[in-house]
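Subject: Structure handover

Hello,

My notes follow directly below it.

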Amino acid sequence: MPPTKAELEAARGRTVDDVLGPSLDVLFCGINPGLYSAATGHHFARPGNRFWAALHRSGFTPRLLAPEEQGLLPSFGLGITNVVARATAQAAELTPQEFREGGARLERLVAEIRPRVLAVAGVTAYRVAFGQPKAAIGPLETRIGDTAVWVLPNPSGLNAHWTLDRIAGEMRRLRESVR
């Protein structure tokens, strides 16, 4: 059953645990959990979010995973975190300070777990979090220690500029660079 309106509202401000494991190839990073994700405890859980479909179409996973199967990701060398941990109804509710603090937290996390690539799904979030206003979709010159950095399109269904096929294509480019 999907969360009720009351359950969604109660999820405001909650966090969703990171999905991490040893020797990650790619640590995917969302902007922040939406209320649906916070209510369910699963990343990219809202119906209409294209993350899981793009992940599969790009070849990162052998089949389409459901959000509640996120715990399988480390077995594929993948993990998930967020720039900002706090759940909101819209990313516009986040402050620039929260993004900057999230960028600093990501740098610490990446230094600790050392994935091969940090892939941030949201160019505007990346620009604010890391103070790089000209960053674009794709691989960046920037590294965090030995970790390469990519920016991916935001897979939210609200991001109408990017189709599922185009998002999967960018993820495929990332996968091919890693493997």
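A135 touches V123, Y126, R127 and L140, leaving out residues up to four places away in sequence. Contact here means heavy atoms within 4.5 Å. A135 sits in the loop between α5 and β4. Helices (H or I, at least four residues) and strands (E, at least two) are DSSP runs, numbered from the N terminus. A135 counts as buried, because its relative accessibility is 6%. The cut-offs: buried is under 20% relative accessible area, exposed is over 50%, and partly exposed is in between, with a 1.4 Å probe and protein chains only. A135 and A119 are 16 residues apart along the chain, and 13 Å separates their C-alpha atoms.

Two notes on provenance. This is a predicted model: local features need pLDDT of at least 70, side-chain atom pairs count only at pLDDT 80 or more, and totals for chains, interfaces and linings use all residues. Residues are numbered from 1 along each chain as its sequence is written, and side-chain values use heavy atoms, with hydrogens and water left out.

Next, the largest pocket. Its volume is about 920 Å³. It is lined by 36 residues, and N32, A91, N154, S156 and L158 are the closest to its centre. Two elements give two or more residues to this lining: α2 (35-40) and α5 (123-130). By type, the lining has 19 nonpolar residues, 16 polar and one charged. Nonpolar covers Ala, Val, Leu, Ile, Met, Phe, Trp, Tyr, Cys and Pro; charged covers Asp, Glu, Lys and Arg; the others, Gly among them, are polar.

For the method: on a 1 Å grid over the protein atoms alone, a pocket is an open set of points where a 1.4 Å probe fits, with protein on both sides within 12 Å along at least five of seven lines. Lining residues have an atom within 4 Å of a point. Points are joined across faces, edges and corners, and the volume is the space filled by probe spheres set on them.

N32 lies in the loop between β1 (26-30) and α2. Is N32 buried or exposed? It is buried, at 13% relative accessible area. Its side chain reaches the backbone oxygen of R86 at 2.8 Å. Beyond neighbours within four places in sequence, N32 is in contact with N82, V84, R86, A87, T88, A91 and L94.

I31 is in the loop between β1 and α2. I31 is buried too, at 15% relative accessibility. Its contacts, not counting residues up to four places away in sequence, include V83, F99, A121 and N154.

E98 belongs to helix α4 (residues 96-113). It is buried, at 18% relative accessible area. A polar contact of 2.7 Å joins its side chain to that of R86. Such a contact is a pair of N or O atoms within 3.5 Å; within protein, one must be able to donate a hydrogen and the other to accept it, and residues adjacent in sequence count only if both atoms are side-chain atoms. A polar side-chain atom of E98 also lies 2.9 Å from the backbone nitrogen of T95.

Last, helix α6 (residues 164-178). Its buried residues include L164, I167, E170 and L174. The buried residues of α6 pack against β1, α3 (51-57), β3 (117-121), β4 (138-144) and β5 (147-152).

Best wishes
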